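Let's take a walk through a protein model together. Keep the sequence and the 3D view open, and find each residue as it comes up.

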Amino acid sequence: MQVLPKHMDVSSPRMQGEAARPEQERASGILLHPTSLPGPHGCGDIGAPALAFLDWLARAKQSLWQMLPIGPIGYGNSPYSAHSSFAGNLLLISLETLEREG
């Protein structure tokens with residue numbers, strides 16, 4: 001009888017679809033683009049309203065904030081056709097925070 005290495009043993013949990021992995025903690029959160037937050041200039045930014053939203057997420061025991069693309073908008077004002085994958089959207093800069101912190 002041939003003895004197979006542990007990773008090939010059909011009686012091991014890995015080969016039976018029960019992969020040995022650490023327990024993953026469940027998490028939940030919200031999908032919200034920062035421009036959907038209230039703001040003094042027509043749309044939200046990464047300033048006081050975003051920080052208040054993060055505080056609300058923590059109080060609601062949410063651990064994830066998923067954002068849609070936050071790059072500069074491209075053709076047709078679409079965030080999905082940004083001209084750069086590295087640049088941020090200037091509309092998301094908080095003018096109040098910029099003035100206060102320079």
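Begin on one face of helix α1, where Ala48, Leu51, Ala58 and Arg59 are exposed. Here "exposed" means over 50% relative accessible area, "buried" means under 20%, and "partly exposed" is in between (1.4 Å probe, protein chains only). The model you are looking at is predicted, so local features need pLDDT of at least 70 and side-chain atom pairs count only at pLDDT 80 or more, while totals for chains, interfaces and linings use all residues. Residues are numbered from 1 along each chain as its sequence is written, and side-chain values use heavy atoms, leaving out hydrogens and water.

Now zoom out for a moment. The protein chain has two helices and two strands, and along the sequence they follow the pattern β-α-β-α. Helices (H or I, at least four residues) and strands (E, at least two) are DSSP runs, numbered from the N terminus. Of the chain's 102 residues, 17% count as buried. If you take contacts (heavy atoms within 4.5 Å) between residues at least 6 apart in sequence, 47% of them join residues at least 24 apart.

Back to α1, which covers residues 48-59. Its twelve residues reach 17 Å from the first C-alpha to the last, close to the 16 Å expected at 1.5 Å a residue. That expected span is 1.5 Å times one less than the number of residues. Which residues of α1 are buried? They are Ala50, Phe53 and Leu57. They sit on the same side of α1 because they cover an arc of only 55° around the axis, the arc being that of the directions from the helix axis to the C-beta atoms. An α-helix has 3.6 residues a turn, so residues three or four places apart point the same way. The buried residues of α1 pack against β1 (29-31) and β2 (64-66).

Next, look at the rings. The structure holds two aromatic pairs. Rings of Phe, Tyr and Trp (its six-membered ring) pair if their centres lie within 6.5 Å; planes under 30 degrees apart count as stacked, over 60 as edge-to-face and the rest as tilted. Phe53 and Trp56 make a stacked pair, 5.9 Å centre to centre with 20° between the planes. Both lie in α1, three residues apart, about one turn of the helix. Phe53 is buried at 11% relative accessible area, while Trp56, at 39%, is partly exposed. Phe53 also pairs edge-to-face with Trp65, at 4.9 Å centre to centre and 70° between the planes. Phe53 lies in α1 and Trp65 in β2, so this pair ties together parts that are twelve residues apart in sequence. Phe53, Trp56 and Trp65 form one aromatic cluster.

Two loop residues deserve a stop. Lys61, in the loop between α1 and β2, has a phi near 60°, a positive value in a residue other than glycine. Most residues other than glycine have a negative phi. Lys61 counts as exposed, at 70% relative accessibility.

Asp45 lies in the loop between β1 and α1. Asp45 is buried yet has no salt bridge; the nearest side chain of opposite charge, Arg100, is 9.6 Å away. A salt bridge is a side-chain nitrogen of Lys or Arg within 4 Å of a carboxyl oxygen of Asp or Glu. For charge, Lys and Arg count as positive and Asp and Glu as negative; His and the chain ends are not counted. Not counting residues up to four places away in sequence, Asp45 touches several others, among them Pro34, Ala50 and Ile93.
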